[in-house]
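Student: I'd like to learn how to read a sheet and the helices packed on it. Can we go through one together?

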Amino acid sequence: MSGKIPATLIPGDGIGPEITAAVTRVLDALGAPFEWDLQQGGMAGIQSAGDPLPGALIDSIRRTKLALKGPLTTPVGGGFRSVNVRLREEFGLYANLRPVKTMVPGGRYEDIDLVLVRENIEGLYVAFEHFIQVGDDPHAVAISSGVNTHAEARRIVRFAFEYALAHGRKKVTVVHKANVLKALTGLFLQAGREIAKEYEGRIAMDDRIVDACAMQLVMNPWQFDVIVTTNLFGDILSDQMSGLVGGLGMAPGANIGEKAAIFEAVHGSAPDIAGKGIANPLALLLAAGLMLKHVERDDLASKLRTAIEQTLQVDNVRTADLGGKVSTADFAGAVIKRLA
Ligand code: ATP
Ligand code: MG
């Protein structure tokens, strides 16, 4: 059909190279249109270029505006800021879309179909942090300030409502802690109420305090539809929500911005299982599905989803985190068989 689409491929650290290899094999079998530009980042970037975010990687994404990215580890010490945060800032990736959907029946919850929209560049992640020395103790006091802007809060809430409209969703829940962090997250709630008015009669809006929301996600997750929240709350709630559908191995994410879109798994580098060939490649594979939709290849995205569902549900082929026993590579092989 259409021609090749240049895209940056970043295997990353820990289980990254294993799951990336599995995912690109599946995408090849699917006939995905991506023409990969392979780039190293994280610890692998330090090894190859002395920088966790090498210039070549940044240049590549500037050119392609599109990336599939494995987990990147930020070196401890050496004064490096979080690589992921820097990437989000560099490309203005203000929206982090994290859908969770039940694909493996028989877990603790059935029929989960939720979307979390996380504000991706503000809040406590701006990391204005420092210590204050008292007496001999240089770390006697730690201080951190968060930053939320009215404009950015409105933009991310609007993103959530637009997503809801475009995907036939009914409700957006704004999650905050406006009772305590009255300025920082009160502003976010206020923006939520403003934007909601524009969608009245089309998309419903309600709000939750983050602690209550966490409890309700366990008691009755089906009451939610689309959730939009600030950076840190989104980080925590999206890991929690992945637990509703089988864990971190099932949770894809899309970082959407003005200058690029970067697709990734919600999970990190999982150093405890790295190199063992047992990681679940599904989170990154589902992220590749989001990437296919982003380039308007919904046909390929749904073909991929069907093959994954058949592999999990008909063939009962699963990695260890889902109670199965196949390797990362064999899981990919099983999906490829279903695609054939
Ligand atoms: P990082 O510092 O890079 O975030 P982490 O130690 O926080 O690494 P995560 O990658 O966030 O580790 O994973 C948390 C746990 O979930 C790990 O113990 C890991 O085994 C498990 N896990 C994460 N991703 C997967 C996966 N794709 N398949 C199987 N298990 C996974
Ligand atoms: Mg982690």
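Student: In what order do the ten strands of the open sheet come?

Tutor: First, some ground rules. This is a predicted model, in which local features need pLDDT of at least 70, side-chain atom pairs count only at pLDDT 80 or more, and totals for chains, interfaces and linings use all residues. Residues are numbered from 1 along each chain as its sequence is written, while chains are lettered from A and ligands numbered from 1 in the order in which they are written. Strands (E, at least two residues) and helices (H or I, at least four) are DSSP runs, numbered from the N terminus, and two strands pair if DSSP finds at least two bridges between them. Here the order is β2-β1-β3-β12-β11-β4-β5-β10-β8-β9, with mixed pairing. The edge strands, β2 (34-38) and β9 (204-209), each pair on one side only.

Student: Which strands are joined to β10 by four bridges?

Tutor: β5 is joined to β10 by four bridges, and the two run parallel. β8 (residues 171-176) also has four bridges to β10 (residues 226-229), again parallel. Thr 229 in β10 stands opposite Arg 118 and opposite Val 175, and Val 228 stands opposite Val 174.

Student: Which residues of β10 lie on each side?

Tutor: In a regular strand the side chains alternate between the two faces of the sheet. In β10, Val 226 and Val 228 are on one side and Ile 227 and Thr 229 on the other, all of them buried. "Buried" means 20 or more other C-beta atoms within 10 Å of a residue's own (exposed is 12 or fewer, partly exposed in between), with C-beta atoms placed from the backbone.

Student: Which residues of helix α5 are buried?

Tutor: An α-helix has 3.6 residues a turn, so residues three or four places apart point the same way. In α5 the buried ones include Ala 153, Ile 156, Val 157, Ala 160 and Ala 164. They belong to a buried set that packs against β4, β5, β8, α6 (186-198) and β10, where contact means backbone-placed C-beta atoms within 7 Å.

Student: At what angle does α5 run to β5?

Tutor: Axes are lines fitted to C-alpha atoms, for helices over the stretch in contact, and angles run from 0 to 180 degrees between N-to-C directions. α5 (residues 150-166) runs at about 160° to β5 (113-119). Helix α7 (residues 210-219) lies across β8 and β9, at about 105° to β9.

Technical notes
Two residues are in contact if their C-beta atoms, placed from the backbone, lie within 7 Å.
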